[in-house]
Amino acid sequence: MSTVSALGKRRTPVRPARILLHVFLAGTALAWLAPLLWAVFSALRPYSETSAKGYVSWPDTLNFDNFTHAFQQSDMLHYFGNTLIIAVPAVLLTLFLSSMVAFYVSRFDFRVNLALLLVFTAGIPATTNFMVNFSFDALDYWRWAPELDIVSNDHYLRSTDPEPQIDIALSGDLTRSLADGPWLLMEHSTGAVNWQPVNRAKNPGQLRRDALAHVARGADGIAYFQWRQSKAGAEQWHSAMVPHAGTDSQIWRDVVRLGADLKALAEVRGSTGTAEVAIVWDWDARWALELPSQPSGELCYLDLVRAWYEPLWRSGVAVDFVRPDADLTGYRLVLAPSLYLVDEAGAATLTSYAADGGTLAVGFHSGAVDENCHARLGGYPGAFREVLGVRSDEPFPLLPGEPVALTGAVPVGATGSLWSERLRLAGAEAVASYADGPLAGVPAVTRLAHGTGSAWYLATLPDPVTLAALLDRVREEAGVTPVRTAPPGVEVARRRGPQADYLFVIDHTGRGAEVPVRHGSFELLTGKETTGTVTVAPGDVAVVREPRDR
């Protein structure tokens, strides 16, 4: 039973607060819709009209020409067809199977439900594009890499770098070390980029040399940004596999040839590096070194590491990068060009390595602070004073363009730059000393013997010739030999497979070269056998399968 009131409904008075609420809600809705409506309006208006009258003006014409151009330029029908054939069935099948599994494992508790769930997720490898290059230093990839199934990297060249091939090699060696094996080059460019002050095109043959140099350093896959160069937009001048000129272009021909090269190198996939030299790389040390209020604002971590890496690259010496606390078993030589910050575990690992007969070389301003950026008291180089056999009580950083002469077991005319310090020997011997300046006669390069090994300290940054000579002496003392002897400017690198070694020879000089190889070797890119040597044409690349030394 129900009753109905005979009095009817009484009108509720409209309150000002309610009016304000509706006004606010309507305004918010318009604020959300305005960008969408404006995007639709701009898309329907010819760009020539917008360019002539500005974005805020009354339109003369509204049509779908912009959509038509985008549809035609992007080959939408082709990609839509691919989606129908591949993506749609895959998504439907995945949803069908995963929904049944999800229902079962969520409703029932049994021993293998987690394992069953992992079966449906473990098939999707986890990766992300690292940026191991000059332009990015905000993340510690040592901590991230172990969580990934595949380590991937983006690498772009700096237009002002006169020898970008060294940066490619350094970045590739570091990425391979992060991956502890092969990795994927997720992004690089076929030519110029669009975000530097001057975006230089690549030289003839450089597209192939750059890509195969990444392979030489452990990459098992080569990908580019981007497939087709944009007709408009922010990245219209960023190079691509298919440039504005289309397939009648040198870039496209080089890309096609690179595809054939990679097919010929299929057997290289999965092979690893063969380094006997480790360079210590630490993101915490990098960040701490480049904090404000250092003794010198000229200290750049990447520049210091590259200064030490470059002579090894020129000599054809294979290099791994390691954390300060890494297992150093198997390395004949360990270099720490710049390790301003180091924790107790890292310091103990490096000092034990040298004390146990390894060969260690340490750069200036290392070991100065702990993991909290607290200075280690008692003198410099802090954590490494005892193992190096030296003690410094005060740094004397050098001004830009203010070299200091060096004397001793160094090349004639040797100089140091960037840094010096008042150093005294505490068991070590002086290899070189300052020849002038306020520290004339003070040791600049020292060596302390530890059984069959030694510990070296470089208290300044020697000029390139002197640094190369010192590092040659250190590595020869450690028993480290080059991958292969090659002419200057010819890069050599080696990957090791289960049954054979793969020697990469890359000519960066434009003059060509002849490099010795083992008897019974086979050049993969040309498909020809070799007879004791391989000849690389000017600006070209050779990849030689060599029988393993027994």
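# Exercises on a predicted model

Lys-202 and Asp-210 form a salt bridge in which the closest N and O atoms are 3.0 Å apart.

## Exercise 1. Charged pairs and their surroundings

Determine whether Lys-202 and Asp-210 are buried or exposed, and then classify the partners of the pairs Arg-143 with Asp-140 and Arg-253 with Asp-248.

**Solution.** 

Step 1. Begin with the opening pair, for which the accessibility assignment is that both Lys-202 and Asp-210 are buried.

Step 2. Turn to Arg-143, whose salt bridge with Asp-140 has its closest N and O atoms 3.0 Å apart. Asp-140, at 11% relative accessibility, counts as buried.

Step 3. Take the salt bridge between the side chains of Arg-253 and Asp-248, with an N to O distance of 3.5 Å. Arg-253 counts as partly exposed at 42% relative accessibility, whereas Asp-248 is exposed, its relative accessible area being 63%.

Step 4. Consider next how salt bridges can link up: through shared partners, Arg-484, Arg-496, Asp-501, Arg-518, Glu-546 and Arg-548 are joined into one network. The search of the whole structure finds 32 salt bridges.

## Exercise 2. The nonpolar cores

State how many residues the largest nonpolar core has, which helix supplies the largest share of this core, and which residues Val-334 touches beyond four places away in sequence.

**Solution.** 

Step 1. The largest nonpolar core has 88 residues, and those with the most contacts inside it include Leu-178, Trp-281, Phe-321 and Val-334.

Step 2. Helix H11, which spans residues 301-315, contributes the largest share of this core with 8 residues.

Step 3. For Val-334, leaving out residues up to four places away in sequence, the residues touched are Ala-278, Val-280, Leu-328, Leu-350, Tyr-353, Thr-359, Leu-360 and Ala-361.

Step 4. Apart from this core there is a second, separate core of 26 residues, with Ile-168, Ala-219, Ala-493 and Tyr-502 among them.

## Exercise 3. The helix pair H11 and H14

Describe how the axes of H11 and H14 are placed relative to each other, and list the residues through which the two helices meet.

**Solution.** 

Step 1. The axes of H11 and of helix H14 (residues 464-478) come within 9 Å and cross at roughly 70°. Because angles of 65 to 115 degrees count as roughly perpendicular, H11 is roughly perpendicular to H14.

Step 2. The handedness is then assigned, and the crossing of H11 and H14 is right-handed.

Step 3. On the H11 side the meeting residues are Ala-307, Trp-308, Pro-311, Leu-312 and Ser-315, while H14 brings Leu-467, Ala-468, Leu-471, Asp-472 and Arg-475.

Step 4. Ala-468 of H14 counts as partly exposed at 21% relative accessibility, and the C-alpha atoms of Ala-468 and Gly-172, which are 296 residues apart along the chain, are separated by 21 Å.

## Exercise 4. A strand residue

Find the strand that holds Leu-406, decide whether Leu-406 is buried or exposed, and identify its contacts beyond four places away in sequence.

**Solution.** 

Step 1. Leu-406 lies in strand S10, residues 404-408, and with a relative accessibility of 8% Leu-406 counts as buried.

Step 2. With residues up to four places away in sequence not counted, Leu-406 touches Ala-414, Thr-415, Gly-416, Ser-433, Tyr-434, Ala-435, Ala-444 and Thr-460.

## Exercise 5. Backbone features in loops

Locate the cis peptide bond that ends at Gln-226 and the one that ends at Pro-381, and then examine the positive phi values of Ser-293 and Leu-418.

**Solution.** 

Step 1. The peptide bond from Phe-225 to Gln-226 is cis, its omega being near 15°, and Gln-226 sits in the loop between strand S4 (219-222) and helix H9 (250-264).

Step 2. Tyr-380 and Pro-381 are likewise joined by a cis peptide bond, with omega about 0°, and Pro-381 belongs to the loop between strand S8 (359-363) and helix H13 (385-388).

Step 3. Ser-293, a residue other than glycine, has a positive phi near 70°; Ser-293 is in the loop between helix H10 (283-289) and H11 and counts as exposed at 78% relative accessibility.

Step 4. Leu-418, also not a glycine, has a positive phi of about 75°. Leu-418 is placed in the loop between strand S11 (415-417) and strand S12 (421-425), and at 17% relative accessibility Leu-418 counts as buried.

Technical notes. Residues numbered from 1 in each chain as written. Predicted model: local features only at pLDDT ≥ 70, side-chain atom pairs only at ≥ 80, totals over all residues. Heavy atoms only, no water. Salt bridge = Lys/Arg side-chain N within 4 Å of Asp/Glu carboxyl O. Buried < 20%, exposed > 50% of the residue type's maximum accessible area, 1.4 Å probe, protein only. Core = buried A, V, L, I, M, F, W, Y, C linked by side-chain atoms within 4.5 Å. Helix = DSSP H or I, 4+ residues; strand = E, 2+ residues; numbered from the N terminus. Contact = heavy atoms within 4.5 Å. Axes fitted to C-alpha atoms, helices over the stretch in contact; angles between N-to-C directions. Parallel < 35°, antiparallel > 145°, perpendicular 65-115°, else oblique. Left-handed = near helix turned anticlockwise from the far one by under 90°.
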